[in-house]
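Let's take a walk through a protein together, one piece at a time. Keep the picture in view and turn it as you read.

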Amino acid sequence: MEKEIRILSADTVNEFFAAFEKDWKRALKASQINPDNIKQIEPGSWLVGSQTSLGKYAVLQGKDGAWSCTCADHKNRLVNCKHILAVKATLETVEIPKNDYFDIC
Ligand SMILES: [Zn+2]
């Protein structure tokens, strides 16, 4: 099958820009997480493979919409860490089958 492209929603793009302004290294690392390393366990619960070890981090979204992660970055700094950003990007991604591409002039 032909490759598909992923397009981030405007909300996610805005969040990435905001993350870049605050800490460009974190946003860059989030963008490098392969969506194949993100597995949804149940609604509101994901496992994200570490980029630096064999470990995994649990990303949770509470019923109030608040995000949390088991990594040190989130626990210590209470920020949306790269794992949360990556899960959100996967959720809000729209995949377009290659056959549906059209030329933009
Ligand atoms: Zn994390």
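Predicted model: local features only at pLDDT ≥ 70, side-chain atom pairs only at ≥ 80, totals over all residues.

**Strands, helices and the core between them**

Three bridges join strand S4 to strand S5, which covers residues 67–69, and the two strands run antiparallel. To see one of these bridges, find Leu-60 and look across to its partner in S5, Ser-68.

Look for Trp-46, which stands opposite Val-59 in S4. Remember Val-59, as it will come up again.

Go one step further along this set of strands and you reach S2. Four bridges join S2 to S3, and these strands run antiparallel. Here Lys-39 stands opposite Leu-47 in S3. S2 and S3 form a hairpin with two residues between them, and Gly-44 in the turn has a positive phi of about 80 degrees. Is strand S2 covered, or does it lie largely in the open? Of its five residues, 38–42, the number buried is zero, so S2 lies largely in the open.

Let's step back for the overall plan. The protein has three helices and six strands. Read along the sequence, they follow the pattern β-α-β-β-β-β-α-α-β. Of the 105 residues, 19% are buried. Among the contacts with a separation of 6 or more, 48% are between residues 24 or more positions apart.

Next comes the inside. Which residues have the most contacts within the largest nonpolar core? They are Val-48, Val-59, Ile-84, Leu-85, Ala-86 and Val-87, in a core of 15 residues. The elements that give two or more residues to this core are helix H1 (10–31), strand S3 (45–49), strand S4 (56–61) and helix H3 (82–91). The largest share, five residues, comes from H3.

The buried residues of H3 are Lys-82, His-83, Ile-84, Leu-85, Ala-86, Val-87, Lys-88 and Ala-89. Pick out Ile-84 and see what lies around it. Leaving aside residues up to four places away in sequence, Ile-84 touches Val-59, Trp-67, Cys-69 and His-74. Here is Val-59 again, the residue that Trp-46 stands opposite.

Beside Ile-84 in the list of core residues is Leu-85, whose place is in helix H3. Why does Leu-85 count as buried? Because it has 24 C-beta neighbours inside 10 Å, and 20 or more are needed. Apart from residues up to four places away in sequence, Leu-85 touches Glu-15, Phe-16, Ala-19, Ala-27, Ala-30 and Asn-80. The C-alpha atoms of Leu-85 and Lys-29 are separated by 9.6 Å, although these residues are 56 apart along the chain.

One of the residues that Leu-85 touches, Ala-27, is found in helix H1. Ala-27 counts as buried because it has 20 C-beta neighbours inside 10 Å. Its own contacts, again without residues up to four places away in sequence, are Phe-16, Ala-19, Phe-20 and Leu-85. Ala-27 and His-83 are 56 residues apart in sequence, yet 9.9 Å apart in space, C-alpha to C-alpha.

These two residues lead us to the meeting of their helices. The axes of H1 and H3 come within 10 Å and cross at roughly 145 degrees, and the crossing is left-handed. On the H1 side, Thr-12, Glu-15, Phe-16, Ala-19, Arg-26, Ala-27, Lys-29 and Ala-30 take part; on the H3 side, Lys-82, Leu-85, Ala-86, Lys-88 and Ala-89 do. By class, this contact has seven nonpolar, one polar and five charged residues.

Terms used: Residues numbered from 1 in each chain as written. Core = buried A, V, L, I, M, F, W, Y, C linked by C-beta atoms within 7 Å. Buried ≥ 20, exposed ≤ 12 C-beta atoms within 10 Å, placed from the backbone. Contact = placed C-beta atoms within 7 Å. Pairing = 2+ DSSP bridges. Axes fitted to C-alpha atoms, helices over the stretch in contact; angles between N-to-C directions. Left-handed = near helix turned anticlockwise from the far one by under 90°. Nonpolar A, V, L, I, M, F, W, Y, C, P; charged D, E, K, R; others polar.
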